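Open the model in your viewer and keep the selection panel at hand. This tour goes from stop to stop and says what to pick next.

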Amino acid sequence: MNSNGKKNENNKDEQLEQFRVRDEGKKLTTNQGLKVSEDEFSLKAGERGPTLMEDFHFREKMTHFDHERIPERIVHARGFAAHGEFEVYESMKKYTKAKFLQDPAVKTPVFVRFSTVAGSRGSAETVRDVRGFATKFYTEEGNYDLVGNNIPVFFIQDAIKFPDLIHAVKPEPHNEIPQAASAHDTFWDFVANNQESAHMIMWHLSDRAIPRSFRMMEGFGVHTFRFVNDEGKAHFVKFHWKPVLGVHSLVWDEAQKIAGKDPDFHRRDLWDSIESGNYPVYELGVQLIAEEDEFTFDFDVLDPTKIWPEEDIPVKIIGKMTLNRNVDNVFAETEQVAFHPGHVVPGIDFTNDPLLQGRLFSYTDTQLLRLGGPNFHELPINRPVCPFHNNQRDGFGRQTINVGQVSYHKNSLAANTPAPASEEEGGYVHYQEKVEGRKVQRRSESFKDHFSQATMFWNSMSEPEREHIIGAFSFELGKVKSKSVQQQVVDMFSNVNVELASAVALSIGVTPPKEGGSNITKTSPALSQLNTKILPNTRKVGVIIGPNFNGEDVAKVCHALKAEGIIVEVISDKLGIQKGLDGTEIIVDHTFLTSDSVLFDAIYAAGGKDVSQKFKEQAAYFINEAFSHFKAIGATSEGISWLPKGLLGDSPGVILEDGNMNKFAQDFVQAISSHRHWNRDVVK
Ligand code: HDD
């Protein structure tokens, strides 16, 4: 059993178990194991005298505390992780020899860390940003890391520009403002002067950058990788994670408010879901292109600012990942986990994408500083589940005790072991791609189209999604002080779509584009979130209940919601128990003060005969807020009178009881599942 009281289900968990320490019920000791008799008063020369150096317990406790922090990640500092398992649906033997993709009976342990990119470790989680989606597969051939994002393209095409991109987006160096936000001059100056970012910016300003939940966003490997089968034949491959709950987002006003009301919104959602058994599930999909088709597309398959439209190159669903266990200790696991796109297994290889090539250097380098030396692979969370042997020795914090005289290769004293493995024995052999050329510092001509897919993205958006993008541009550029930068960005995006650029120009008071426009008419319906799955599961409803509510009706509705997997939390003006007219008792989870409308997917005004005017006003505030964020609203009995007058008409997604509770419950579930009701008469 692990410390969550669950059965050890996989070999990674068993391995971690050896490192778990349970302190409860034990005597306090020093790190040397000496029992400590006093932990509140340091050793002093006399009751009111100075503390003595001799107090080794004080010194040890204080020194450890003084050294408790490590450098946060330079990017993706704010993150949250969970354990799980991956299973393939069918053997992928035809395409790759990777062992973990062969046998549907095998469950491969995984550890997934989600993150924001720009903010510091303590920043709010619902900010506008890319989300990291990094998966470590503990396979029997070694660790395989798929270090992706929730957006399938990237800002730049060559890793050498990464420090510039990050310097531009991070808080500005002279005053360290703003935190976890791209809405400032240096970021937009970078964008305007590095126009390869155009496509990524369209995603960054879309709803994808404010996900409702880590459980409701896609993941992408971004780069083109290679699958190699046991005959040495290769395919180009792009990886996709598809959440079974569909792809859903917050609205911007809501996202900003949540950042204050609950800066931990996304980690809380993930943690609570796993604790309550609502395990997040993502299917793994691959897009495959045969090597001989490398040059048959109107984009370069090596260009990380391009997608492979799903309608042209279908996503083949090959397996699923279930996240089913929270960490025991955030520092030991989530903070110390070290991902690296270069952690591969036989059957998975790289391509010459210049962004990927540069990443292959950066990730080890950063861990050396962050985790304090070259032995970070020995930390429990980073250890592969298969044995590892080589001649690397020593360094800070070395834990393994390598026995024997020999630590070099080749040797005769240890019969030339550890010995390299042949390909047949599972040795990794790099794909023998033929390369030739002059050493140049240039970008391929085939990487120079920065706008076609940005336009395709715009073309693929629904009306509300377009309004959100215009709103996001207006917000972000509205925070930029330099008129010149604002103008440059508007001019740049006139290459994507003139109406978009003109609407933004109007909103921020710069000159609308005189020329520009795009003749690209292509769309990719898969890009619109309006085409995603809609399900009621795990949607959270705030049920506002006052004294003397209709017990039978409320119980019926709550029961119907729960039966659909909807989570019900009760809100009132005070904690404790609310009583119904018929004696039904309901425990109140939150007050108007401790919760907020933005923390729920829907509001149910359940009524209560004896509520004060203040109660009604507070309920109306919750309802109004939910309405303006396009959320489902349900009301029964007195609850109907809490709705502001304007909402009583025929508003989409506002469900009022008319005597038939079963029908009410059914319609309300439907309205909640729909996620948002964009056809309401409010500013989108
Ligand atoms: Fe990166 C972390 C994803 C480009 C350099 N990156 C990091 C993490 C994710 C990504 C998810 C957090 C891992 C974790 O949870 O610990 N990065 C990406 C994607 C990219 C990308 C999808 C483009 C396709 N990254 C990228 C480039 C460079 C880096 C071009 C540098 C050349 N990334 C890093 C890093 C980080 C990192 C500085 C910071 C912490 C870490 O590695 O472990 O090395």
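This is a predicted model: local features need pLDDT of at least 70, side-chain atom pairs count only at pLDDT 80 or more; totals for chains, interfaces and linings use all residues.

Stop 1: Select residues 29–417. An unreviewed UniProt entry lists this span as "domain: Catalase core".

**Stop 2: the ligand shell.** Now show the residues around the ligand; there are 26. Which of them come nearest? Pick R73, H76, R113, G132 and V222. Next, colour β2 (108–116), β3 (131–139), β4 (142–149) and α9 (354–370): these elements each give two or more residues to the shell. The largest share is from α9, with 6 residues. By class, the shell holds 13 nonpolar, 10 polar and 3 charged residues.

**Stop 3: H76.** Stay with H76, one of the residues that come nearest to the ligand. Find H76 in the loop between α2 (56–66) and β1 (79–88). Check its backbone: phi is positive, about 60 degrees, yet the residue is not a glycine. Most residues other than glycine have a negative phi.

**Stop 4: α3 and α4.** Select residues 162–169 for α3 and 185–193 for α4. The two helices pack with axes 6 Å apart, at an angle of about 140 degrees. On the α3 side, show D164, L165, A168 and V169; they meet T186, F187, D189 and F190 of α4. This contact has 5 nonpolar, 1 polar and 2 charged residues.

**Stop 5: α12 and α13.** Move on to α12 (residues 483–493) and α13 (residues 498–508). What is the angle between them? It is about 160 degrees, and the axes lie 8 Å apart. The pair is therefore roughly antiparallel, as angles over 145 degrees count as such. The crossing of α12 and α13 is left-handed. Show Q486, V490 and F493 from α12, then L500, A501, V504, A505 and I508 from α13: they make the contact. Here the classes are 7 nonpolar, 1 polar and no charged residues.

**Stop 6: two cis peptide bonds.** Go to the loop between α9 and α10 (452–460), where K410 sits. The bond from H409 to K410 is cis, with omega near 5 degrees. Then select P418, which also lies in the loop between α9 and α10. A cis bond joins T417 to P418, with omega about -5 degrees. Most peptide bonds are trans.

Technical notes: Residues are numbered from 1 along each chain as its sequence is written. A residue is near a molecule or strand if its C-beta atom, placed from the backbone, lies within 6 Å of it. Helices (H or I, at least four residues) and strands (E, at least two) are DSSP runs, numbered from the N terminus. Ala, Val, Leu, Ile, Met, Phe, Trp, Tyr, Cys and Pro count as nonpolar, Asp, Glu, Lys and Arg as charged, and the others, Gly among them, as polar. UniProt positions are given in the numbering used here, feature names are shortened, and annotations may be inferred rather than shown by experiment. Axes are lines fitted to C-alpha atoms, for helices over the stretch in contact, and angles run from 0 to 180 degrees between N-to-C directions. Two residues are in contact if their C-beta atoms, placed from the backbone, lie within 7 Å. Angles under 35 degrees count as roughly parallel, over 145 as roughly antiparallel, 65 to 115 as roughly perpendicular and the rest as oblique. A crossing is left-handed if the near helix is turned anticlockwise from the far one by less than a right angle, and right-handed if clockwise.
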